[in-house]
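Colleague: Please walk me through how to read a few features of this model. I would like the general idea first and then the case at hand.

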Amino acid sequence: MLHGDEGPAVALAMRIVTGLADAMDAPDLLPVTSAHVDSCLYHGRAGLDFAQRLVQLGGQVRVPTTLNVGSLDLLHPELSRADAQVRTHARSLMDAYTTLGARPTWTCAPYQSGHRPGLGEHVAWAESNAIVFANSVLGARTARYGDFLDICAALTGRAPRVGLHCTAARRGTAILDVSDLPATILHAELTYPLLGHLAGRHAGLEVPVFVGLPADTSEDRLKALGSAAASSGGVGMFHAVGITPEAPTLSAALGGADVPARWRVRPEDLADARRELTTAVCDRVDAVSLGTPHFSLPEFRNLAALLAEDAADVTRFAAGVEVYVSTSRAVLAQAEEEGLVAPLRAAGGTVVVDTCTYVTPILRPQTRVVLTNSAKWAYYAPANLGVQVVLANLAECVTSAQQGRVRLS
Amino acid sequence: MTSEPAASATQSRTLHPGQAHGPLLVLEAPLSLWGGMDPTTGRITDEHHPQYGAELAGRVVVLPSGRGSSSSSSVLAEAIRGGTAPAGLLLAEPDPILVLGALAAAELYGLAVPVVQLDPASYTSYTRLHDGVWLTVRAEAWTVHLRG
């Protein structure tokens, strides 16, 4: 492949794959069965130049490949407030990746749209929440890939044998014990993004192991936890004993390694994390942002239940408060079929697909204070968008949007 | 100016080849370029970072590691294209995300920004130097020469 016998696009892709393998001291390359590409989000000319070079060279993916969010909602293009040139480039970038043969899924949660590699399967996934979900919840194996390598792995079907591809790197290295937390806290929605935030802060680049989480912890809560840990730290994998597939027991999660120090998480730690992620100090609210990572079908069901007993009896959101829900077009179609989106639209809310509200200008420029139930959104939005954030659970977000004031229970 | 670190730099490793000459900047904490650096200005925009506002453009940046989003590769490549990137990156830990940004920029634009993994002794030495000291980095496929 490196020498051009499979075409110049594969040769270029292989130079990138082997360049990374050399840098990371990989013993060899391994075959991957799928890829998830994050390079389709527009960050400037360089990313577009790279994708268009691969297109010009005739590149085509050789393993099933899904696409992460782009910078535009292609179904609702009027939502973007980006300037015309950025919109044009962002569109060209998205087009280049579909020309390369990747599926136009446009979601950071491909695992909610049927892309679910199995236990032990080697894949090349990019985007920090998708990576941590694939490794932790699915038990698939991907290193923490980034832009450029994702599409190069898709074009070559190869990735360096490094990091979380290797069993040794998947062993738990830090224990977060939540067994002292009362049941009310363990069953509260916000506990999960807050635990993730703490894990990222505490464990850094390590593999945290959670002990004491309820056995019925939902996939959405694991999604929230993992995405938060991958934002506040470089966490690419976590274990939850009794829940995630490589952690039937604590000793299995640790893989026979020495037991690391155990941090007993207290309610005060969660309160500190919530304070850290809440940057607004007033009760004003301009917008609510839900769906980072992308909203799932069960999350749409929860939201619809909070909005109304029936769609004819919806309380409208207060004047001046915008409510956005980011999701994939596939989940949106399912939610519409179930009648879950009508109450949101009747209340004055907006669904965003193909992209996300924290990576591209969608909120009004005068937006100052935003409520979100996502620790990831709360972590990145202040720098990306120049807004202040209040972290709140889904019910608090809905009540606050209806009343036009921050209302925390 | 001190040349002490150069003597112990031989255990350091090239992650991406290139040459750099510029003033030193030692980052006190890992940095995610995505959400943490504006590629149009070359400044740190992460409010959580202790050196919020510092200029990375043209500096030989010593940092413990990258962090966070995998989109940082694109931000680095874009900064290299636009001339706002660090002149070179000296890391304590190998960082695939930064290496990929350097690899892509080299393929597309022929601009080679050196990325080096310092051995622990060199890393410690460099973090003790004063910001603004001029450094020369020559990172070849197998060897690293650092002069301060």
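**Reading the features**

Modeller: Let's start with A:Asp25, which lies in the loop between α1 (8-23) and β1 (29-31) of chain A. Helices (H or I, at least four residues) and strands (E, at least two) are DSSP runs, numbered from the N terminus. This is a predicted model, in which local features need pLDDT of at least 70 and side-chain atom pairs count only at pLDDT 80 or more, while totals for chains, interfaces and linings use all residues. Residues are numbered from 1 along each chain as its sequence is written, and chains are lettered from A and ligands numbered from 1 in the order in which they are written.

Colleague: What is the phi of A:Asp25?

Modeller: Most residues other than glycine have a negative phi, and most peptide bonds are trans. A:Asp25 has a positive phi of about 60 degrees, though it is not a glycine. A:Asp354, in the loop between β12 (350-353) and β13 (369-372) of chain A, also has a positive value, near 70 degrees.

Colleague: Is A:Asp354 buried or exposed?

Modeller: Count the other C-beta atoms, placed from the backbone, within 10 Å of a residue's own: 20 or more is buried, 12 or fewer exposed, and in between partly exposed. A:Asp354 has 28, so it is buried. A:Asp25 has 12 such neighbours, so it counts as exposed.

Colleague: Which residues does the cis peptide bond join?

Modeller: It joins A:Thr292 and A:Pro293, with omega about -5 degrees. A:Pro293 sits in strand β10 (residues 287-295) of chain A.

Colleague: How do α8(A) and α14(A) pack?

Modeller: Two packed helices are described by the angle between their axes and the distance between the axes. Axes are lines fitted to C-alpha atoms, for helices over the stretch in contact, and angles run from 0 to 180 degrees between N-to-C directions. Helix α8 (residues 219-232) and helix α14 (residues 375-385) of chain A meet at about 30 degrees, with axes 7 Å apart. That makes α8(A) roughly parallel to α14(A) (under 35 degrees; over 145 is roughly antiparallel, 65 to 115 roughly perpendicular, the rest oblique).

Colleague: How many residues of chain B are in contact with chain A?

Modeller: Contact requires C-beta atoms, placed from the backbone, within 7 Å. By that rule, 29 residues of chain B are in contact with 33 of chain A. On the chain B side, β1 (13-16), α2 (72-82) and α3 (96-109) each supply at least two residues, and α3(B) gives the largest share, 9 residues.

Notes: Two residues are in contact if their C-beta atoms, placed from the backbone, lie within 7 Å.
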